[in-house]
Amino acid sequence: MSGTVAVVGSSVAGVRTAQALRTEEHDGPVVLIGAEAGLPYDKPPLSKQFLAGTWGADRITLLTEAAARAAGIELRLGVPAQHLDVAGREVLLADGHRVSYDHVVIATGSAARPSPWPVASGVHVLRTLDDSRALRADLERSGPVVVVGGGFIGAEVAATAHASGHAVTVVDPLPAPIGRLLGPEIGELMGQVHRRHGVDTRLGVGVQDITGEAGNLMVTLTDGRQVEAATVVVGIGAIPTTGWLAKSGLLVDNGVVCDEYCRAVERDDVWAVGDVARWDHPRLGEAVRVEHWTNAVEQAACVAFNLTHPGQLRGYAPHRIRVERSVRLEDPDRRTAPGCRETSVHRRARRRAAALRGGLQRRDSRLAGAVAVNWPRALVACRRLLAVGASGDEAAKLVETLLVPAVA
């Protein structure tokens, strides 16, 4: 296939899409557009190894200039996309330049939800390399750390800060950390991990206000209690980066709305991938948006294939964890309220568990998702069953066979 492909977004989804286009033997120009001036980098280490100071920026680089040249990928970094002219097939950049395309892949990801508590200094969000650098600088001085939000980012920052010698308090309005995503059963296990490592948890309570400045902050909770902090990290979710598409005419609703092939609806030359894509999942029968590193990589490969093989389109149906915010992980053999799906939880020892999610429709008995905690064998088994469309009962029976004492 020839023709120019513009990939807007230089994080993992965009980089992997550009690389996958070459793997699929696309022989036309590929232009990778990124808002940040530095080389594309991987984001998971920002809350872990890079934040801890054990990895440098070179260790998290996704694409070097030399690798881009070798792959024939043109880098347009440091200038964000400002508008998408769908009719004219052009991406308008903030510096006034335009990038013409035959196909465009939207991979602008998501941005951290901003802190609603404005203070002069000491309160951080974490999404970019500069965010991590600023937080790391504050963590170099002593003093307690308060993490607002018990999701994945909050949990990782709490672990990193605690390992660096800080007293850490995690505050979340839910009764269990990560409960919004994984349900109370798995969330309770995560809470136990925090407490076992000496992290204070204030769960079931929110933050009313944050006052002060770096090194001398006061966090006031909704129950009236106060927690002192030298540094506060706010991890209360992410928002798809779609503002630049406001006047594009594309359907945007919690992400770029796409068909099962990850094409923007009503367009055969506009695609979306990664955190910003909300596509019709062919197996689940509903529109989904997933903020997950592996999803970005797998979806990039699918989009690159579909873009270069228009006569052999593949629906994107990833076989991986899929737990909605409405999920409630109940006891084994119990059902949730009418219309909800069945979930069973299987424990292996005190620190291991697997939660299985049944079919998403009343008459659908297939396994729809799985979560494993410290139990790789169970997760590998469930991924194989998801790939072949096995039933939830089959998965439960297989997991039960793994419930044997671990060999010391």
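Let us start with the contact between helix 1 and helix 7 in this predicted model. From helix 1, the residues Val-12, Ala-13, Arg-16, Thr-17, Ala-20 and Leu-21 take part. They meet Trp-293, Ala-296, Val-297, Ala-300, Ala-301, Ala-304, Leu-307 and Thr-308 of helix 7. Sorted by class, this contact has 11 nonpolar residues, two polar residues and one charged residue.

How is such a packing described? Two packed helices are characterised by the angle between their axes and by the distance between those axes. Here, helix 1 covers residues 12–23 and helix 7 covers residues 293–308. Their axes come within 8 Å and cross at roughly 35 degrees. The crossing of helix 1 and helix 7 is right-handed.

I turn now to the salt bridges. Side chains of opposite charge can pair when their charged atoms come close. How many salt bridges does the structure hold? The number is 13, and I shall present some of them.

Asp-223 forms a salt bridge with Arg-225, and the closest N and O atoms are 2.7 Å apart. Asp-223 has a relative accessible area of 40% and is therefore partly exposed. Arg-225 is also partly exposed, with a relative accessible area of 40%.

Another salt bridge joins Glu-90 and Arg-98, with 3.0 Å between the closest N and O atoms. Arg-98 counts as partly exposed because its relative accessibility is 46%.

Next, the side chains of Asp-138 and Arg-141 meet in a salt bridge, at 3.3 Å from N to O. Is Asp-138 buried or exposed? Its relative accessibility is 12%, so Asp-138 counts as buried, the cut-off for that class being under 20%. Arg-141, at 32%, counts as partly exposed.

There is also a network of salt bridges, which links Arg-89, Arg-267 and Asp-269.

My final topic is a sheet. Strands of a sheet pair through backbone hydrogen bonds, in either a parallel or an antiparallel manner. The sheet I wish to show is open and has three strands, in the order 13-14-15, with antiparallel pairing. Which strands stand at the edges? They are strand 13, residues 207–213, and strand 15, residues 226–229. Each has a single partner strand, so one side of each is left without a neighbour in the sheet. On average, and ignoring direction, neighbouring strands of this sheet are turned by 15 degrees against each other.

Strand 14, residues 216–221, pairs with strand 15 in the antiparallel sense over four bridges. For Val-219, the bridge partner in strand 15 is Val-227.

Technical notes. Residues numbered from 1 in each chain as written. Predicted model: local features only at pLDDT ≥ 70, side-chain atom pairs only at ≥ 80, totals over all residues. Heavy atoms only, no water. Axes fitted to C-alpha atoms, helices over the stretch in contact; angles between N-to-C directions. Helix = DSSP H or I, 4+ residues; strand = E, 2+ residues; numbered from the N terminus. Left-handed = near helix turned anticlockwise from the far one by under 90°. Contact = heavy atoms within 4.5 Å. Nonpolar A, V, L, I, M, F, W, Y, C, P; charged D, E, K, R; others polar. Salt bridge = Lys/Arg side-chain N within 4 Å of Asp/Glu carboxyl O. Buried < 20%, exposed > 50% of the residue type's maximum accessible area, 1.4 Å probe, protein only. Pairing = 2+ DSSP bridges.
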